[in-house]
Amino acid sequence: MLLSIEDLRKSYPGPEGAVSVLRGVTLSLAAGETLALTGESGSGKSTLLHLVAGLDAVDGGRILLDGHEVNALDDSGRARLRRNTVGIVFQQFNLIPSLDVAANIAFQARLSGATDREDLSRLAGVLGLEAHLRKYPEQLSGGQQQRVAIARVLAARPKLILADEPTGNLDEATADEVMGQFLALVAEAGSALLMVTHSPRLAARLGRHAHLSQGRLA
Ligand SMILES: Nc1ncnc2c1ncn2[C@@H]1O[C@H](COP(=O)(O)OP(=O)(O)OP(=O)(O)O)[C@@H](O)[C@H]1O
């Protein structure tokens, strides 16, 4: 199993004591599987993604990712896992403002040692970015920036992609189109995908669906 989450628990401090957000979440994802995660606003979807990425510490339970227990790793071990195994597409795109589109796409791939130029230009082609490769992020629309963020993650060919509303800033028609391209490229790369979405329509396009409610998955 690529990802096994067992009895995961997470609370945050609140004004009236700790607020329990995840209350025993158990979930497995095999290599190449795609899963949509839905749930009301504030139900803990982003929290779950952050914990899997090792960006925050768990309170209880375990996350096994590609044979590593995420929370048993030190900071550099978690950083290595993020660099080599996980690709992250969050809503704030985190493109590097001083790099042009081509360099942004290549950036993550270089870090993880995957530098196939043909692969990069093909990705840019499929995502409709060829005309923008020499532009800087601030010269792009929100939708174009989202495509660059998607291309950047795919270029590194991670085993697991964590995506939080990756088409959340797009109108419905464009979101459908970009999601189609994204899912086709994910399938081609053989990556597993754990994707948060508010849209039942987009969720239905993934292989599996889990719903987070009251701190547990249904
Ligand atoms: N760093 C933090 N400190 C305190 N509380 C937090 C922190 N991060 C998240 N929370 C709280 O935990 C709960 C879950 O937040 P989370 O962002 O995971 O929800 P979500 O399901 O992703 O929501 P949305 O769909 O609105 O993005 C919320 O009540 C939020 O206020």
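## Ligand shell and helix packing

The residues around the ligand are Tyr-12, Val-21, Gly-39, Ser-41, Gly-42, Ser-43, Gly-44, Lys-45, Ser-46 and Thr-47. The model in which they are found is a predicted one. By class, the shell around the ligand holds two nonpolar residues, seven polar and one charged.

Helix 1, residues 45–52, gives the most to this shell, with three residues. Six of the eight residues of helix 1 are buried, so helix 1 is largely enclosed by the rest of the structure. The buried ones are Lys-45, Thr-47, Leu-48, Leu-49, Leu-51 and Val-52. Lys-45 and Thr-47 are listed among the residues around the ligand, and both are also buried in helix 1. Just after helix 1 comes Gly-54, with a positive phi of about 70 degrees.

A second topic is the packing of helix 3 against helix 4. Two packed helices are described by the angle between their axes and the distance between the axes. The axes of helix 3 and helix 4 come within 11 Å and cross at roughly 135 degrees. That angle makes helix 3 oblique to helix 4. The crossing of helix 3 past helix 4 is right-handed.

The table lists the residues that meet in this contact.

| Helix | Residue range | Residues in the contact |
|---|---|---|
| Helix 3 | residues 101–111 | Ile-105, Ala-106 and Ala-109 |
| Helix 4 | residues 117–126 | Leu-120, Leu-123 and Ala-124 |

The residues of the contact of helix 3 with helix 4 comprise six nonpolar, no polar and no charged.

Definitions and conventions: Residues are numbered from 1 along each chain as its sequence is written. This is a predicted model: local features need pLDDT of at least 70, side-chain atom pairs count only at pLDDT 80 or more; totals for chains, interfaces and linings use all residues. A residue is near a molecule or strand if its C-beta atom, placed from the backbone, lies within 6 Å of it. Helices (H or I, at least four residues) and strands (E, at least two) are DSSP runs, numbered from the N terminus. Ala, Val, Leu, Ile, Met, Phe, Trp, Tyr, Cys and Pro count as nonpolar, Asp, Glu, Lys and Arg as charged, and the others, Gly among them, as polar. A residue is buried if 20 or more other C-beta atoms lie within 10 Å of its own, exposed if 12 or fewer, and partly exposed in between; C-beta atoms are placed from the backbone. Axes are lines fitted to C-alpha atoms, for helices over the stretch in contact, and angles run from 0 to 180 degrees between N-to-C directions. Angles under 35 degrees count as roughly parallel, over 145 as roughly antiparallel, 65 to 115 as roughly perpendicular and the rest as oblique. A crossing is left-handed if the near helix is turned anticlockwise from the far one by less than a right angle, and right-handed if clockwise. Two residues are in contact if their C-beta atoms, placed from the backbone, lie within 7 Å.
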